[in-house]
There are 2 protein chains.
Amino acid sequence: MIRTIAFDADDTLWHNETYYREAEALFCEMLAPYHDAEWIRQRLTETEMGNLAHFGYGIKSFTLSMIETAVELSEGRITGHEVQRIIRLGRDMLAHPVEPLSEVQATLEALQRRYELLVITKGDLLDQESKLARSGLGHYFSGLEVVSEKDEAAYRAILARRKIDPAEFLMVGNSVKSDILPVVAMGGQAVYVPYATTWVHEHVADADESAFTTLEHVGLLSAWLEIH
Amino acid sequence: MIRTIAFDADDTLWHNETYYREAEALFCEMLAPYHDAEWIRQRLTETEMGNLAHFGYGIKSFTLSMIETAVELSEGRITGHEVQRIIRLGRDMLAHPVEPLSEVQATLEALQRRYELLVITKGDLLDQESKLARSGLGHYFSGLEVVSEKDEAAYRAILARRKIDPAEFLMVGNSVKSDILPVVAMGGQAVYVPYATTWVHEHVADADESAFTTLEHVGLLSAWLEIH
């Protein structure tokens, strides 16, 4: 008996990874005089991974990683104006319109009458609050939880604070690593809705796919809930 | 009858502004070939204020503002290696040991037996979680709330979620603007404990000082609570 449904935000409720990939393409273009795109992309990903522990998730962290990668790959020859363009790339990402994925609005509209709906996400607090507000979806949710890491302990803490029984909790998201496995591990249910592209950091090599449900798009969620 | 006491984190529980001022001094030194320190400081503050709406509070935001200021003040002549040094300044700030202010530990030790203790702070989520852990003070608190802005609505939301009556709530902090006025406005109590230096953004020109209590240091809090 599910009472509370929590949704991941980026690439579950609205497009996000797309904008990172667009920014990355512009970044590769800018650094084209120094290296080819594939090499730049690899170095940027390495810098991002190395910075996660210090800087955490989100656009500010990504922007700092782009700047650092540009300095390294150009061996310090990157100019001040190019650095400024990178900061502008980051600021443009933060101001980007928030575009809900197809069928998200109709699904939330239908579900809100029968379930308590939450958003549980990583990233920058201010950025995620701002995106929820700009998405026009804010009124469907009774809460937004921004955590620094989506592990089992983080989910347990949220459910305890909100007095939610894990057995009555469903998480919906596009990351097997962050949205699915930790929720299943603590006794909750989870529905995996893949997005077109997945950030390499969120890849899981050998997940047991029988432990959770995969739906092709979020519009199938209402029908799935009917039979569960 | 106070039941819950919430503390601001930076410059209330531990030193923080000091490290920003140290980083700023190193930054001014680095840009000394271009401008004098006072001018650099003013431009940096302006950039920070301009970036608050996009980037929010915290060290990542401050680092991006330093980079942007360096590019502008050097008219693009800043080198990649100097940019790298600025990123390193930011990373050093994030890794800085967290040093509790004097009498904080003894005060929390005494208060935890009689009150529920919370931390309510702005800044980067990951950074604040990490600082609370590194401070060694984490076990005194039943919760950490990181908000993007400390206004009346934010305090109301926290108290509602935690089912705390404003009349039974006391906030302790070093910012009249963020810790004191919004709490008094929603019917809570507030104790102002000034820190040696206050960030210019937190200054309030003409606060009504009769609406709240000012204590010289947090060690006086237990005695104040005895008579209230």
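Tutor: Let us look at the contact between the chains, in which 28 residues come from chain B and 28 residues from chain A; two residues are in contact if their C-beta atoms, placed from the backbone, lie within 7 Å. The model is predicted, so local features need pLDDT of at least 70 and side-chain atom pairs count only at pLDDT 80 or more, while totals for chains, interfaces and linings use all residues. Residues are numbered from 1 along each chain as its sequence is written, and chains are lettered from A and ligands numbered from 1 in the order in which they are written.

On the side of chain B that touches chain A, at least two residues each come from α2 (37–55), α3 (59–73), α4 (80–95) and α6 (125–135) of chain B. Helices (H or I, at least four residues) and strands (E, at least two) are DSSP runs, numbered from the N terminus. That side of chain B comprises 11 nonpolar, 11 polar and six charged residues. Of the interface residues of chain B, 100% are also interface residues in chain A, so the copies meet through the same surface. Chain B is superposed on chain A by a rotation of 180 degrees with 0.0 Å of shift along its axis (RMSD 0.0 Å), fitted by least squares on the C-alpha atoms of residues with pLDDT of at least 70 in both copies. This is the relation of a two-fold axis.

Let us now turn to the sheet of chain B. Its six strands form an open sheet with parallel pairing, in the order β3-β2-β1-β4-β5-β6; two strands pair if DSSP finds at least two bridges between them. Strands β3 (143–146) and β6 (213–214) of chain B stand at the edges with a single partner strand each, so one side of each has no neighbour in the sheet. Strand β5 (residues 189–192) of chain B is joined to β6(B) by two bridges, and B:Val191 has B:Thr213 as its bridge partner in β6(B).

Finally, the domain assignment of chain A, which is automatic or from a database, gives domain 1 (4–15 + 98–226) and domain 2 (17–95). Their centres, taken over C-alpha atoms, are separated by 28 Å. Domain 1 of chain A and domain 2 of chain A each bring 12 residues to their contact.

Methods:
Nonpolar A, V, L, I, M, F, W, Y, C, P; charged D, E, K, R; others polar.
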